[in-house]
Amino acid sequence: MSNVNTYVRENVKNIGEYVYLAPDIPEKKLNNAVSAMKCEDLLHSIIAIQDATLFGKSDEGFIFTGDRFIHDKRGVFLYSEIEKVEYKEDVTVNAKGKESIKKYVEITKDGKVHKFSDMYGVKDQKLSDFLGQIVSDFSEFKNEKQAVDLVEMNDEFKINYLKLIANMTYEDDGDIDELELSEILLLSTRLHLSVEARSEVRKYISEIENDIEPVQNILSSIRDLSDQSQHKSIMISLAKDIVNTYYSSKSETNGEVPFLLKHKDSMELSHDDLQFAQDAVSEAFQILNDDVDDNDIRDNASKLASTAAAVGAPIAAVYISGSVVGLSASGVTSGLATLGLGMGMTGGLAILGAVGFLTFTGVRKFSGVNELDRFKVKQAMLNEALKQTHLTIKNTIEDINYLVEKLSEAMETGESNRAEVLKLKGMVAKFAGALQKESQKADVFENAANRTKCPKILDHQRLKNLCEGATKSKIYDFILERYEENEKGEYILKGSVQTEMLDRMSSLFESIGYFEMNNALKSKLQSKVKGVLS
C-alpha cells in the first residue's frame, strides 16, 4: 500500500466538506489554521486542512500531516499513539416517544478516550473510517514536504529529470536536434544545474546513441530521490517539459506526444493529466501574443487552475520547474502574486489596490495613458524570461569552449582517435546550433517586452500635437512609419517591427511626453470636440 501521506491526500476529502489540499490551500486559510493550532514548524508538511468555521476563517477544524492530526479544541494526536477509533450513536427517546440520535467519534490515546462531536462540515462515520484505516493499515508515520520547487532538489535528481527528456527526444527520431537541445539547456538553467551536473547531462547526450538508460530506471531514480507526496507533481511537471521539448522541433503544436502515451502508465499519469500538461504549455506561450495583457494572464492562470481542480492535479505542478516560456519557478509565482493569484499572495491586497486607485485609473483610462499599465506584469515576466535565456547563452558558450578544448586534445592524438574527433565535432556543431536557437529565443522575448512599451493603437492626434515643428517632424515620421492604418482608421503597431526599432520607439515616446497625462487629455478632448463639430 502507498505511504500514509499519499493515503491522507487521496482520502481526506471523504471526511466531509470544506477540506483543502496542499499546495492549493488558500494562503489566508492556511495561515489562520497554523496560527490557531500553533504548528508553524509543520507548515511545509501539512497535507490538508478542514475548515470548521461558518464564515471560512479556518481557525477551527482539523490539520492533517503524515504523522498526526491536530484539532483546534482537542489538540495533537500522533497516529502512532492512537489505540482505537470508534464511531458511535447514542439513541434517546423523549417523553413523547420521539427518538433522537447523537453521533460522535471516540478516539482512545494513552488509555484516555476523547470524544469528537458536533464538528461543522465533518461526517462522523467518514472521519472514523478514515482515521481507523490509518491506524490499522500503517505502521510507519513520517512527515513529508508537500510542495516542491525543483531548484531545491539535488543534482542527481535534476540529472535524471533531464535524462528522461533527452530520452524522449532521442526515441522520437533517433536524434537530439539543436531546437530540442536548446530547450534542454534552457531547462537546465531554470533548474540551477551546477557545472558538474551540466557536464553529466552533456556527457549523457553525447553518448545516448550507444548508452541510453532505460526509462524505467530513470523513473525509479526520480522517485527514490523525492518524497512520495511529491511524485504526482513531479510527473506532471515532467510531462509539461516533455510536451514543450517535443513541440519545439515540430511545425504543429497540438496533438499527443507518442513518448508520453507509451510511458504514461509508468509515470502514473492519466489521459486527463497529459491534457492538463498540454494546456499548461499552451497557456504559457500566450504571454508572447500582442493582445494578451495582465488581465488575460490572470484569467488564463485561473482557467488552468480550474482544469487542475477538475483532474485532481495540484496547479503548482506546472510551475515547479518554471515556465516553458523561460521563467524560473520564482519568476512565475512572483508574477502571479502581483496579479493577486495565490501562490504566496493573498487576494485582499489586490482588491485594496484596485479600490485605492479607482479614480486615478478612471482618468488614465479616459485619456488612454493607461494602455501600458495593462502590461506591467507581462513586461516583468518577459524580462525575467530574457534574463534566464541570457544566462543559458552564457552557460552554452562555456559548454562550447569545453568541447572545443576536448576536440583540440583529441585532434593532437592523430588518426588513432578519429572516432572521438568526429563525435566532438558533431557535439560542437550541435551546441553551436543550440546557441543560435537560444539567441533567437532571446530576441523573441526582448521584442515582445519592447512591444509592451509602445502603444498598440497609436493616438495619431496626440503624436501630431507632440511633434509639431521642424525639429520633431523626423520623430513623427519615424514612429508613424511603423504603424499601419486599418479599415476603422486606427493606427496599429506593425508585427514586423524589429527589436532595436521598438526600443528606439519606446525612447522617443518617452522623450516627447506621449504618456504624460496632460498631453493625453489634451488630444482626447481635441478628438471629442472635433467629433462634436463634425
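**Figure 1. I63 stands opposite I70 of strand β4 in this predicted model.** The pair belongs to strands β3 (residues 61–64) and β4 (residues 68–71), which run antiparallel and are joined by three bridges. A hairpin of three residues connects β3 to β4. On the next strand, β5 (residues 75–78), the antiparallel arrangement continues, with four bridges joining β4 to β5. Here F69 is placed opposite F77 of β5.

**Figure 2. A salt bridge joins the side chains of D67 and R68.** The N to O distance is 2.9 Å. D67 counts as buried because its relative accessible area, 14%, is under 20%. R68 lies within the residue range of strand β4 (68–71).

**Figure 3. Y18, L54, F55 and Y120 make a nonpolar surface patch.** The patch covers about 480 Å². One of its members, L54, is located in the loop between β2 (48–51) and β3. With a relative accessible area of 60%, L54 is exposed.

**Figure 4. The largest nonpolar core comprises 83 residues.** L150 and L164 have the most contacts inside this core. Helix α16 (residues 418–451) supplies the largest share of the core, 11 residues. Another core, of 27 residues, lies apart from it and includes V8, A48, V85 and I107. Beyond its neighbours within four places in sequence, L150 is in contact with F157, K158, Y161, L191, I234, S237, I320 and S321.

**Figure 5. T169 is located in helix α4 (residues 155–173).** T169 is buried, its relative accessible area being 0%. When neighbours within four places in sequence are set aside, the contacts of T169 are D175, I176, E180 and T245.

**Figure 6. D224 lies in helix α7 (residues 215–224).** D224 is exposed, at a relative accessible area of 67%. The C-alpha atoms of D224 and F157 are 8.9 Å apart, although 67 residues separate the two in sequence. F157 is also one of the contacts of L150.

**Figure 7. E481 and R482 are joined by a salt bridge.** The closest N and O atoms are 3.8 Å apart. E481 is exposed, with a relative accessible area of 52%, whereas R482 counts as buried, at 15% relative accessibility.

**Figure 8. R198, R202, K394, E398 and D399 are linked in a network of salt bridges.** Side chains of opposite charge can pair when their charged atoms come close. The structure holds 30 salt bridges.

**Figure 9. The chain as a whole provides the setting for the close-up views.** The chain contains 20 helices and 11 strands. Of its 534 residues, 48% count as buried. Among contacts between residues at least 6 apart in sequence, 69% join residues at least 24 apart. The accessible surface of the chain is about 26,300 Å², and carbon and sulfur atoms account for 50% of this area.

Conventions:
Residues numbered from 1 in each chain as written. Predicted model: local features only at pLDDT ≥ 70, side-chain atom pairs only at ≥ 80, totals over all residues. Heavy atoms only, no water. Helix = DSSP H or I, 4+ residues; strand = E, 2+ residues; numbered from the N terminus. Buried < 20%, exposed > 50% of the residue type's maximum accessible area, 1.4 Å probe, protein only. Contact = heavy atoms within 4.5 Å. Areas by Shrake-Rupley, 256 points an atom, 1.4 Å probe, with all protein chains shown as cover. Pairing = 2+ DSSP bridges. Patch = residues over 30% accessible without salt bridge, like charges linked within 9 Å, V, L, I, M, F, W, Y side chains within 5 Å. Salt bridge = Lys/Arg side-chain N within 4 Å of Asp/Glu carboxyl O. Core = buried A, V, L, I, M, F, W, Y, C linked by side-chain atoms within 4.5 Å.
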